[in-house]
Amino acid sequence: MEFPNPPWLNKFRASTNSFLSQYEPLTLLLAPLFALLLAQILQSYFLVIHERGLKATIISIVMSSVKLVPGVKKYIDAEKQKIVDKLQASGSRDGWKTELPRSGLGNKVLEQMKYEKQKDVTWQGKCSGTVYIGGNEHEGHFSLINEACSMFAHTNPLHLSVFPSVVRFEAEVVVMTAALLGSKENASGGQICGNMTSGGTESILLAVKSSRDYMKAKKGITKPEMIIPVSAHSAYDKAAQYFKIKLWRVPVDKEFRADVKAINQRINKNTIMIVGSAPGFPHGIIDPIEDLGDLASSYGICLHVDLCLGGFVLPFARKLGYPVPPFDFTVQGVTSISVDVHKYGLAPKGTSVVLYRNHEIRKHQFVAVTEWTGGLYVSPTIAGSRPGGLIAGAWAAMISLGFEGYLENTKEIMEASKNIQKGIQDIPELFVIGRPEMSIIAFGSDVVDIFEVNDVMSSKGWHLNALQRPNSVHICVTLQHVPVVQIFLKDLRDSVQTVKENPGPVNGGFAPIYGAAGKMPDRGMVQDLLIEFMDSSC
């Protein structure tokens, strides 16, 4: 039995047909397609605005439009090249080799290397971070590390059965490092595990990759996102690009610590991990790891703690009685930690450790290949072959120093840091950023251009780190600085006075570039500058 259509429906159908009859059939066919295309364009714009913000999006569109004006792009490119040329520290490459010599130099090559080394700047006691071992490079701990690396320079832990010595060294470095970070405590769960890597960046990359794959297996997340404070290391940006993870940067609080509330507001169904630092590279401030751990636990997501700077200082500073908040695997919710042995662990450059709360997470770090004609293959880290000499050097550093050695080093570093901090606070024109909790002291000024101060310090042989948002400079204190604290403070006072009496760019200095970059609204242009600089430098 058929039911007649309601009168209103018949009336609507008739009026609609009457209205559409005035259009060509092709128009009626294409109209929905154009509407769909327009909707997709609008959606893409809304997504860009959501990710970058309205202001940044508008600036990007305006700048892209301006570059279409004849001559403008050429002018901008020329100005960018001027800045890149100024940033080039290495100068001319005249005389650099472009092919193998016809006849090899044999042992004489060592003499040429010594000659080239003399051109390096004087770094002893003058660099922020950079060299963490104290003393002269030809004696003491330096000499020990060099001999250890040389003894095992030919080894490769990829060949487990050939070099069991290096395999043991790596395992022991990992276990000893984990013991410093709570693995022996009941709260850690008793399954802490990890591997050595080439540095803090690789440790962070592996932790992010493992967290991504672990959360995909655990929660089925296929469009991963991670949330980090603006103070977190740029290695997370690299990881986001490499592993196709959407990265959200959130502001820090008034004390320059990770803002837990701001991070909480960004968490959604696609969030795989959040991040904390102990301490952060810019200002030497420890994020609220316990609060971040509670947040991660409540959402069932990962929390990575960057201890690349603090891993071999904070455990000993706590032992010495310094007020150190919880930061390691004793904090519930912490799923992974990165810690550099080649910084305050005083190991050779190229040695770091990534640790996980349990094997279930770490298994997602590994790559296993079953269909290669070269045989079955499995690798724990990004590199396949790895330098066994560096692993041996790290083991030698830890075993030679022991707990008491690190304790004494930390005592000297912390005392030097506190003296530098007090000395900076005693300079009326300067202020310290936040409340540094370790050995990194950042400082700025409302009276003088801090980048000009940095340029004057550079002319005195110092190599400090320029920071932004806010404009500031920091020094990462190492054993190299222990004997030169008063020299540093005197040079800093004199530099501030020089800039105060004679404000303006220093000849050959970088203050104008840093200042302009900080104020430049088009961050894409700043990014282009950095890429052009890197492309011409390597």
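**Entry 1: T410**

I looked up T410 and found the residue in helix α14 (residues 388-425); helices are DSSP runs of H or I with at least four residues, strands are runs of E with at least two, and both are numbered from the N terminus. The model is predicted, so I note that local features need pLDDT of at least 70 and side-chain atom pairs count only at pLDDT 80 or more, while totals for chains, interfaces and linings use all residues. Residues are numbered from 1 along each chain as its sequence is written, and side-chain values use heavy atoms, with hydrogens and water left out.

Is T410 buried or exposed? T410 counts as buried because its relative accessibility is 1% (buried is under 20% relative accessible area, exposed over 50%, partly exposed in between, with a 1.4 Å probe and protein chains only). I then listed what T410 touches, not counting residues up to four places away in sequence: F312, V313, F316, A317 and L320 (contact means heavy atoms within 4.5 Å). A polar atom of the T410 side chain lies 2.8 Å from the backbone oxygen of Y406.

**Entry 2: α7 against α14**

I next examined helix α7 (residues 164-180), whose axis comes within 9 Å of that of α14 and crosses it at roughly 45 degrees. Axes are lines fitted to C-alpha atoms, for helices over the stretch in contact, and angles run from 0 to 180 degrees between N-to-C directions. The angle makes α7 oblique to α14 (under 35 degrees is roughly parallel, over 145 roughly antiparallel, 65 to 115 roughly perpendicular, and the rest oblique). Among the residues making the contact, I noted F169 and M176 of α7 and W395 and F403 of α14.

**Entry 3: the seven-stranded sheet**

I traced an open sheet of seven strands with mixed pairing, in the order β1-β7-β6-β5-β4-β2-β3 (two strands pair if DSSP finds at least two bridges between them). β1 (193-197) and β3 (246-250) stand at the edges with a single partner strand each, so one side of each has no neighbour in the sheet. Neighbouring strands here are turned by 20 degrees against each other on average, direction ignored. Strands β6 (residues 336-340) and β7 (residues 352-356) run antiparallel and are joined by five bridges; V339 stands opposite V353 in β7. Helix α8 (residues 200-219) packs on this sheet, and its direction makes about 20 degrees with that of β7.

**Entry 4: the four-stranded sheet**

I also recorded an open antiparallel sheet of four strands in the order β10-β11-β13-β12. Four bridges pair β11 (residues 440-444) with β13 (residues 472-476), and A442 stands opposite H474 in β13.

Notes
A polar contact is a pair of N or O atoms within 3.5 Å; within protein, one must be able to donate a hydrogen and the other to accept it, and residues adjacent in sequence count only if both atoms are side-chain atoms.
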